[in-house]
Amino acid sequence: MARTRRRYETDIPDLDQLVEELVQTAARAYGREDSGEFTRQIIVTALRLLRDGAEQSDVKLLNSALKELRHSFRVFAPYEHLRKVAVFGSARTREDAPAWQQAFAFAERIAHEGWMVITGAGGGIMAAAQGGAGREASFGVNIRLPFEQAANEVIAGDHKLINFRYFFTRKVAFVKESHAIALFPAASARTTRASRRSR
């Protein structure tokens with residue numbers, strides 16, 4: 001005989017009832033009753049953190065991660081019908097490097113075919129891809145680090161630039177939203193030295 005799976009709750013009946021009423025009221029207000037069960041489970045998880053006596057730093061991390069992901073989903077949502085390619089490559093690739101020029105040409109062509117590009121919003125290959133695709137066909141998923149430069153000029157200030165605090169939430173956005181991945185290799189030290197001697 002199959003065992004009945006236990007419902008995910010706080011194990012405090014009065015509290016579970018309050019959560020149920022809250023979610024039902026919100027679902028009706030927003031017209032989203034289809035996702036009410038998962039919303040209820042998110043709330044229960046938050047309440048279980050209180051029960052577990054979780055460290056404040058852990059709760060803060062989960063709170064920030066959830067808010068980052070929610071913002072990311074909201075930014076990408078209007079473009080969910082469009083295919084997207086995540087472009088990866090070195091931020092230090094120079095504009096005269098073959099890989100930079102190939103990334104620019106690739107993104108230009110793929111945008112012409114109706115795709116959008118997603119990059120880390122930095123320089124080098126990322127700037128090349130966004131320059132080729134153009135601002136309208138670009139997303140930037142930047143990481144906030146004190147020693148990194150600001151977003152490239154193509155995507156800087158655009159509503160499709162998302163600044164992440166955590167690498168793992170940023171990676172979720174890359175994986176969830178992209179339909180393909182393009183990798184552009186960094187120039188080797190030998191290639192870089194040869195390029196400098198030839199000028």
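Rings of Phe, Tyr and Trp (for Trp, its six-membered ring) pair if their centres lie within 6.5 Å; planes under 30 degrees apart count as stacked, over 60 as edge-to-face and the rest as tilted. The model is a predicted one, in which local features need pLDDT of at least 70 and side-chain atom pairs count only at pLDDT 80 or more, while totals for chains, interfaces and linings use all residues. Residues are numbered from 1 along each chain as its sequence is written, and side-chain values use heavy atoms, leaving out hydrogens and water.

Six aromatic pairs are found in a search of the whole structure. One of these joins Tyr79 and Phe139 edge-to-face, at 5.2 Å centre to centre and 85 degrees between the planes. This pair links distant parts of the chain, 60 residues apart: Tyr79 lies in the loop between α3 (56–76) and β1, and Phe139 in strand β3 (residues 138–143). Helices (H or I, at least four residues) and strands (E, at least two) are DSSP runs, numbered from the N terminus.

A nonpolar core is a set of buried Ala, Val, Leu, Ile, Met, Phe, Trp, Tyr and Cys residues joined through side-chain atoms within 4.5 Å. The largest has 17 residues, of which Val85, Val87, Val117, Ile125 and Phe184 touch the most other members. At least two residues each come from β1 (84–89), α4 (98–112), α5 (125–133) and β5 (180–184), with α4 giving the most, five. Another core, of 13 residues, lies apart from it and has Phe139 among its members, together with residues including Met116, Val141 and Ile162.

Technical notes: Buried < 20%, exposed > 50% of the residue type's maximum accessible area, 1.4 Å probe, protein only.
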